[in-house]
Amino acid sequence: MIFKDMAEKKYDFGLVGLGVMGRNFILNVADNGFTAYGNDLDKEKVSALIKEGGDTNKVNATSDATTFVSSLSTPRKIMLLVPAGKVVDIVIESLLPLLDKGDILIDGGNSFFTDTDRREAYLQEKGINFFGSGVSGGAKGARRGPSIMPGGNKEAYQSIKPIFEAVSAKFKGEPCVAYLGPKSAGNYVKMVHNGIEYGMMQLTSEIYDLLRKVGGLNNDELHDVFSTWNQGRLQSFLVEITSQIFKQEDDKGDGRLVDKILDKAKQKGTGKWTSQNAMDLGIPVPTIDIAVSMREISALKEERILADSLYSRPTPTAMDKVELIKMAEEALYFSFISAYAQGLHQLLDASNEYGYELDLAVIAKIWRAGCIIRAELLEDITKAYQADKKLANLLLAPTFVEKVQSTVDSAREVVAYAAKNGVPVPGLSNSLTYFDAYTSEKLPLNLIQAQRDHFGSHTYERTDMEGIFHTEWE
């Protein structure tokens, strides 16, 4: 028998899926004063958790679903950390006959938000509470304290709140978890979080590329630059790990590992979902859009090699290295703000469209620690939305006007300098274009409306009178 049968023992929390993420999360639960019981069809993973957990009065596991469910205190609180998609439905169906009304199922994976809505409605009919709960921070975050984004029944959340608050990351003592809203609010917020993450990673990679190709910085210099930036206003998880990456030696050969990694970036879909849904809502998120597109372009490695041989590139023009680093820092800071602004704008519109009742200040607060996009900027973003609950866009916040105004010129210089030297910086460029378009009182879309009416009789509005008009164009 690979589990300890203790009929009298009822565990506080159950978790299905004992991969690295699930195992780390359940150990985190046990470390914070709650008893936890794991379940996985893989008996080796079950044994590994029991061995690592040590005291089976605190952590136990089984591959038998009936034993697992019967070992939990009621209302049962069961988290699923399994791959998104059909697997989630399969696990739900396997557990359903064993559950009682009032029990709680929590999907901790990156499920698409409409799937969560479907599952929540289905389980609600059977008296089971279902939560879509985003968990950010990776395997290390799951063990040490992630940012958690739950959405579902507000009353049922009170049963899982003590556990989630205990295991979550803390920012100045505050837990980085909060009830976000009904239905799929949690999964939706996590989806947009990942979209912003795509954008910030793309922006960081472009600055690296520019400093390396045109600035001539070696890995040690890049480490020093990013380390220094991480001590200032760019302090963030992504800038921190980027600085560390440049120092990592290749354990399978000579030199630094970063130089041996193939430039083909993969994706799991959350960035694409963010971009697609933003288009459905009519919300512009160009920094996220291009970050997704760049991963797709990166996959075309053989075509890129051929194309590179067919076209010449500009001869690099020299710039003072100190000045380039200064402008790069300002451009990256500006673009981070732009990426956050776009994602938060999407959350605001989605909240209205889907009835989530999101509080953007609360979301920014729980992103301040534990998650991948945690950054010093989020403290200022939190305060901006606390000061104005109806803030339409971060770029309209008085406290951000100065931050943007003082860095946008460097963003222009960096984008122009990169273009002149043939270094692709689409994330930086799109961040700048988004800003220029959003802050323009008049755009040339009047011509597009004229064109649409000319070839398709699609009508237009006028600036000098009310109504909808059509012209018979000659």
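**Exercise 1. Find which residues of α12 and α14 meet, and describe how the two helices pack.**

*Solution.* 
Step 1. Start with the contact, meaning heavy atoms within 4.5 Å. Pro-286, Thr-287 and Ile-288 of α12 meet Ser-338, Ala-339 and Gln-342 of α14. Helices here are DSSP runs (H or I, at least four residues), strands are E runs of at least two, and both are numbered from the N terminus.

Step 2. Sort these residues by class. The contact of α12 with α14 has three nonpolar, three polar and no charged residues. Here Ala, Val, Leu, Ile, Met, Phe, Trp, Tyr, Cys and Pro count as nonpolar, Asp, Glu, Lys and Arg as charged, and the others, Gly among them, as polar.

Step 3. Now take the geometry. Two packed helices are described by the angle between their axes and the distance between the axes. Helix α12 (residues 286–298) packs on α14 at an angle of about 100°, and the axes are 8 Å apart. Axes are lines fitted to C-alpha atoms, for helices over the stretch in contact, with angles from 0 to 180 degrees between N-to-C directions.

Step 4. Name the arrangement. α12 and α14 are therefore roughly perpendicular to each other. The cut-offs are under 35 degrees for roughly parallel, over 145 for roughly antiparallel, 65 to 115 for roughly perpendicular, and oblique for the rest.

Before going on, note the ground rules. This is a predicted model, where local features need pLDDT of at least 70, side-chain atom pairs count only at pLDDT 80 or more, and totals for chains, interfaces and linings use all residues. Residues are numbered from 1 along each chain as its sequence is written, and side-chain values use heavy atoms, with hydrogens and water left out.

**Exercise 2. Describe the crossing of α11 and α14.**

*Solution.* 
Step 1. Helix α11 (residues 270–281) and helix α14 (residues 321–354) have axes that come within 11 Å and cross at roughly 60°.

Step 2. α11 and α14 are therefore oblique to each other.

Step 3. List the contact. α11 gives Thr-274, Asn-277, Ala-278 and Leu-281, while α14 gives Gln-346, Asp-349, Ala-350, Glu-353 and Tyr-354.

Step 4. Count by class. The residues of this α11 and α14 contact are four nonpolar, three polar and two charged.

**Exercise 3. Is Asp-209 buried or exposed?**

*Solution.* 
Step 1. Locate the residue. Asp-209 sits in helix α8 (residues 185–213).

Step 2. Read its accessibility. Asp-209 has a relative accessible area of 11%, so it is buried. Buried means under 20% relative accessible area, exposed over 50%, and partly exposed in between (1.4 Å probe, protein chains only).

Step 3. Find its neighbours. Leaving out residues up to four places away in sequence, Asp-209 touches Val-214, Val-423 and Pro-424.

**Exercise 4. Inspect the backbone at Pro-75, Glu-357 and Thr-459.**

*Solution.* 
Step 1. The peptide bond from Thr-74 to Pro-75 is cis, with omega near -10°. Pro-75 lies in the loop between α3 (65–70) and β4 (77–80).

Step 2. Glu-357 is not a glycine, yet its phi is positive, about 60°. Glu-357 lies in the loop between α14 and α15 (360–366). At 68% relative accessibility, Glu-357 counts as exposed.

Step 3. Thr-459 also has a positive phi, near 70°. Thr-459 is in the segment after α20. At 26% relative accessibility, Thr-459 counts as partly exposed.

**Exercise 5. How far apart are Arg-462 and Leu-105?**

*Solution.* 
Step 1. Arg-462 is partly exposed, at 37% relative accessible area.

Step 2. Arg-462 and Leu-105 are 357 residues apart in sequence and 53 Å apart in space, C-alpha to C-alpha.
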